Amino acid sequence: MIRIALVDNEPDMLSIAFHYVNQICESNKEIQVSQFLSAEDVIRKLEAGERFDIIVSDIEMPEMDGLSFGEMIKKKYLGIYLVFLTAYADFAAKS
């Protein structure tokens, strides 16, 4: 099973992202999509032993921004693919 985590602190944007990803994946029962309102929520799940293959994260978030979150994920959890979403050109280059 492929597990995807969507992360965005804005509930409306998270819902839109979930809708589109779920629409693409709905025919494949081997893909599970979960939603999170913060990077910290995902970290808690990972620390509890939950596994994700792909994390799709907003970059601009309050507590922990997506770039810091991505750096931490890459150092601590090998094999997770990261995808960043942003409307800001500055962040696009950094990610």
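**Salt bridges, rings and cores**

Let's start with K45: its relative accessibility is 36%, so K45 counts as partly exposed. Buried means under 20% relative accessible area, exposed means over 50%, and partly exposed is in between, with a 1.4 Å probe and protein chains only.

A word on the source. This is a predicted model, where local features need pLDDT of at least 70, side-chain atom pairs count only at pLDDT 80 or more, and totals for chains, interfaces and linings use all residues. Residues are numbered from 1 along each chain as its sequence is written, and side-chain values use heavy atoms, leaving out hydrogens and water.

Now, what does K45 pair with? Its side chain meets that of E50 in a salt bridge, at 3.9 Å from N to O. A salt bridge here is a side-chain nitrogen of Lys or Arg within 4 Å of a carboxyl oxygen of Asp or Glu. Side chains of opposite charge can pair when their charged atoms come close.

Helices (H or I, at least four residues) and strands (E, at least two) are DSSP runs, numbered from the N terminus. Buried or exposed, what is R3? R3 has a relative accessible area of 15%, so R3 is buried. E50, at 26%, is partly exposed. Together, R3, K45 and E50 are linked in a network of salt bridges.

How many salt bridges are there by this rule? The count is five. One of them joins D53 and R51, at 2.4 Å from N to O. R51 is partly exposed, with a relative accessible area of 42%.

Next, the rings. The structure has one aromatic pair. The ring centres of F36 and F52 lie 5.7 Å apart and the planes stand at 85 degrees, so the pair is edge-to-face. The rule: rings of Phe, Tyr and Trp (its six-membered ring) pair if their centres lie within 6.5 Å; planes under 30 degrees apart are stacked, over 60 edge-to-face, and the rest tilted. F36 is in strand β2 (residues 31-36), and F52 is in the loop between α2 (39-47) and β3 (54-58), 16 residues apart.

Stay with F52. Its relative accessible area is 2%, so F52 is buried. Among the residues it touches, beyond four places in sequence, are R3, K45, F36 and I80. Contact means heavy atoms within 4.5 Å. F52 and I80 are 28 residues apart along the chain, yet their C-alpha atoms are separated by 6.6 Å.

On to the cores. A nonpolar core is a set of buried Ala, Val, Leu, Ile, Met, Phe, Trp, Tyr and Cys residues joined through side-chain atoms within 4.5 Å. The largest has 14 residues, and those with the most contacts inside it include F52, V42, L46 and I73. β1 (2-7), α2 and α3 (66-76) each supply at least two of its residues. Which element gives the largest share? That is α2, with four residues. Apart from this core lies another, of seven residues, among them I4, L14, C25 and V56.

Last, I73. Leaving aside neighbours within four places in sequence, I73 is in contact with L46, I55, I80 and L82.
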